[in-house]
Amino acid sequence: MKHYNYSDFNLKNLQKIKTSKSISIGVCLPVLNEAQTLNKVVNVVRSCGSLVDEVVIIDSGSNDGSTKIGKDLGVRVIRDSYSSKKIGMKLKRGKGWNLWSSLYFLNTDIIIWIDSDIRNINQRFILGLIGPMLTDKAIKFVKGFYKRPKGDSRVTEILVRPFLNFFFPKTINVIQPLSGEYGGYRKFLEKIHFYSGYSVDVSILLNAFHLLKQNEIAQVNLGKRVHSLHTVTFLGKMAASILKTLLYFVVEFDILIINKKPKSVLRQFDIVQNIPSCNDFVASDYLLPPMITVQSYQKKFNF
């Protein structure tokens, strides 16, 4: 696995390389109620000029005006309900669905994903992800990492990193397995399964390490990332979905044999006026087929 820093790249040089290689690049912004930051994120992507050929927002049903912001900025905004009809698949709402469906709506050779909640968004996020794939013909997949000033990588450090280190040792040097800033060449991404929810980030990572060679994978330091923090209850639900997906992979890759199918219900508790109450959450990150196997995708891209 190769390592880079965003400072290794500059906009003008990458634009020249892109033109000389005739490579097209698309950016997808998965969105769910990101009105506070979306305007700035879109403008930063736009500031990269000819480096980015296409930008698309895929929205999971926002009700805070996010879709209007995108449309007012002239970006193509696609509701996930519309993407379901267009692709011809039953909607499995979540971040992973948005990333997966972007393969259909973007027409580019390279696709990168950037979370829309970044408060300190800067060109370095785009240049850092695109740079390795333009300057090194071997690189097929790039994963970003960054400094989180509040040290809040709770799901990563408590669940995901120990699990990956124990069962997927090839990933032991991945700095931030759940980072939302990453991407790759279409020819790789269209061949892998996605997951519909938040476990999509780690599932794509595991597919990369399973299917690609070490010299085809890169990590890039994107500097510092600032965003709003989720509650512990929300992170518990996220962790449950990720854990269920990780259990799928240990079986799929013949690492463990699990004789009984794991349950999918997470029960969480709260205490109100000294009385405990519970809420059940169903971990339901659904497996999405490789896009290259979807009939509408085959028709659009002439397979």
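I take helices (H or I, at least four residues) and strands (E, at least two) as DSSP runs, numbered from the N terminus, and I call two strands paired if DSSP finds at least two bridges between them.

The model is predicted: local features need pLDDT of at least 70, side-chain atom pairs count only at pLDDT 80 or more, and totals for chains, interfaces and linings use all residues. Residues are numbered from 1 along each chain as its sequence is written, and side-chain values use heavy atoms, with hydrogens and water left out.

I looked up the strand order and got 1-9-6-7-5-2-3-4, an open sheet of eight strands with mixed pairing. Strand 1 (2–5) and strand 4 (76–79) are the edges, each pairing on one side only.

Strand 5. I checked both neighbours of this strand. Strand 2 (residues 25–31) runs parallel to strand 5, with four bridges; glycine 26 has isoleucine 111 as its bridge partner. Strand 7 (residues 182–185) runs antiparallel to strand 5, also with four bridges; tryptophan 113 is partnered by tyrosine 182. Ile110 and Ile112 point one way, Ile111 and Trp113 the other, and all are buried (under 20% relative accessible area, 1.4 Å probe, protein chains only).

Serine 60. I found serine 60 in the loop between strand 3 (54–59) and helix 3 (66–72). Its relative accessible area is 8%, so I list serine 60 as buried. Contact here means heavy atoms within 4.5 Å. Leaving aside residues up to four places away in sequence, serine 60 touches Val31, Leu32, Asp80, Arg93, Gly94 and Asn98.

How values were computed
Buried < 20%, exposed > 50% of the residue type's maximum accessible area, 1.4 Å probe, protein only.
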